[in-house]
Each structure stands twice: as structure tokens, then as C-alpha cells.
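Trainee: Please show me how to read the features of a protein model one at a time, with the general idea before the case.

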Amino acid sequence: MQEVNPKQTTRAYAFETWMKAPMPMVTFFKTLDVTRLTKISHRQKDLKFNMLMCYCIGKAATAVKEFYMLPVNGKLMLYDNLAVNTIVANRNGEINSCDIPFSDNLQIFSKDYLQLTKSASENCTNHDLPDSMVIGTSALAQYDIDGAVGMYSGIFNNPFLIWGKYRRHWLKTTLTVSFQFHHTQMDGAHAARFLDKLQKEINCLSL
């Protein structure tokens, strides 16, 4: 992770325009076809649906260079790697935050996911990767919701995805996700391309 001069990046105009805006976050909604992920997770019990979603999110994000830059404390930071965060229910009935380093290798990512989320749950501690550009996620898998808009705290500017229970139809299974991002980090076209890429990664996920 290193600080970069915004004027020497493609985000120069966005940094000047949105960095000090009172509400710089933008939220998109998209309904994804997650039929393939549900089939894989049902067929292979060790490959959890939420883990597969997080993997596809990380995989899609690697194809969008804007994900590697993030405004932090008024500065534009450039990262070498990505991580995907998930919220974990701990043994005390509360929640903890868990960052999983993204690996292009599904088996490695799945192993890290299971190990780190288990540790966070059992020890009731967060697992943070401050040197990675972290994509936040929150899965309310037991609830049937139409969408959610994340809170902007003014502290964390990381992109964030939220989803609820997936919905079964006659021939497919769908999942509505919300994607919140800081306008300094990316424009609407970048966000839309990421969501399209996410659908493609889900469709072509191979084991």
C-alpha cells in the first residue's frame, strides 16, 4: 500500500469532485442468477454458498483496476492486493469482522475462508488485513429482503456488498445484491462493469 498523487491517476477529477462531498457514496442494485453457485454448494458441502459468492466477488474485482485504489484519510492509496470481508456470527451471539485474502485459486481461498471465519467465531475477534484493499460483504441469508443501502460513516470508504436470502424460481435461483462504492474510487460505469463481471464469474465458475 502506498500513497499516490491523485493528479497522476485516472481518478484526478473524481478525487477533486467527490473527496470532500458530504455523501460521496453511490449504491447500485442488481439481481444475479446464482443457480450455478447453489448447485455447487449443494453438491459439495465443503464449498459454502457465501464463500463462493465472496470468491466470485474477489475474482470480478481483480479485473477492474479501480478496486486497487481507495481514498483513505483524505489521501488516495494504491494497493497491491485485495481481500474480501465477511461478517461472522460468533459463539457469544454477537458478530465479528473477518478479512480473507483473495487468491485466484478457489481451493486456497476456501481453505483460508473456513480457517479464518472459524477462528473469528470461536475467539470472538476481528481479523483485519490493513495492507489490503478490502471489499466488504454482509450476507443476511436467513432474511428475504429486496435490498439494502450501507451506512456511510465517513471513516471507511471501502466498497461494500449486501444480500439476503436467494430466491428459487422454476429453472433458476436469483439473488439481489446492493453494491455501495465511493465515487472517488470509481465511476458508475466501473461499478456496472464489475457487477456484469461478477455475473460472468458466477456463470463460469469451475472447480
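Trainee: In the hairpin of β5 and β6, which residue takes a positive phi?

Mentor: In the hairpin of β5 and β6, with its 5 residues between the strands, G93 takes a positive phi near 85 degrees. Before we go further, note that this is a predicted model, in which local features need pLDDT of at least 70, side-chain atom pairs count only at pLDDT 80 or more, and totals for chains, interfaces and linings use all residues. Residues are numbered from 1 along each chain as its sequence is written, and side-chain values use heavy atoms, with hydrogens and water left out.

Trainee: How are strands named, and how many bridges join β5 to β6?

Mentor: Strands (E, at least two residues) and helices (H or I, at least four) are DSSP runs, numbered from the N terminus, and two strands pair if DSSP finds at least two bridges between them. Here β5 and β6 run antiparallel and are joined by 7 bridges, with A83 having P101 in β6 as its bridge partner. On the parallel side of the story, β5 pairs with strand β7 (residues 133–139) over 3 bridges, and there V84 has I135 as its bridge partner.

Trainee: Is β5 largely enclosed or open?

Mentor: We judge this by relative accessible area, where buried means under 20%, exposed over 50%, and partly exposed in between, using a 1.4 Å probe and protein chains only. Strand β5 is largely enclosed by the rest of the structure, because 6 of its 8 residues are buried.

Trainee: Where is N90 found, and which side chain does its own side chain contact?

Mentor: N90 sits in the loop between β5 (82–89) and β6 (95–101), and it counts as buried because its relative accessibility is 10%. A polar contact is a pair of N or O atoms within 3.5 Å; within protein, one must be able to donate a hydrogen and the other to accept it, and residues adjacent in sequence count only if both atoms are side-chain atoms. The side chain of N90 makes such a contact with the side chain of N96 at 2.8 Å, and a polar atom of the N90 side chain also lies 2.9 Å from the backbone nitrogen of N92.

Trainee: Which residues touch the most other members of the largest nonpolar core?

Mentor: In soluble globular proteins, nonpolar side chains tend to be buried together. A nonpolar core is a set of buried Ala, Val, Leu, Ile, Met, Phe, Trp, Tyr and Cys residues joined through side-chain atoms within 4.5 Å. The largest core here has 46 residues, and M53, F67, F109, F179, F194 and L198 touch the most other members. Helix α3 (residues 49–61) gives the most to this core, with 10 residues. Contact means heavy atoms within 4.5 Å, and, leaving out residues up to four places away in sequence, M53 touches L32, V34, L37, W163, L175, V177 and I202. Another core, of 5 residues, lies apart from the largest one, and V4, F15, M19 and L76 are among its members.

Trainee: What should helix α5 span, and which of its residues are buried?

Mentor: The expected span of a helix is 1.5 Å times one less than its number of residues. The 16 residues of α5 (residues 188–203) should therefore span 22 Å, and the end C-alpha atoms are 23 Å apart, which agrees. Buried in α5 are H190, A191, F194, L195, L198, Q199, E201 and I202, and their cover includes β2 (25–33), α2 (35–43), α3, β8 (160–163) and β10 (173–182).

Trainee: How many disulfides does a search of the whole structure find?

Mentor: A disulfide is a pair of cysteine sulfur atoms within 2.5 Å, and the search of the whole structure finds 0. C56 is in no disulfide, and the nearest cysteine sulfur, that of C204, is 7.8 Å away. C56 counts as buried because its relative accessibility is 1%.
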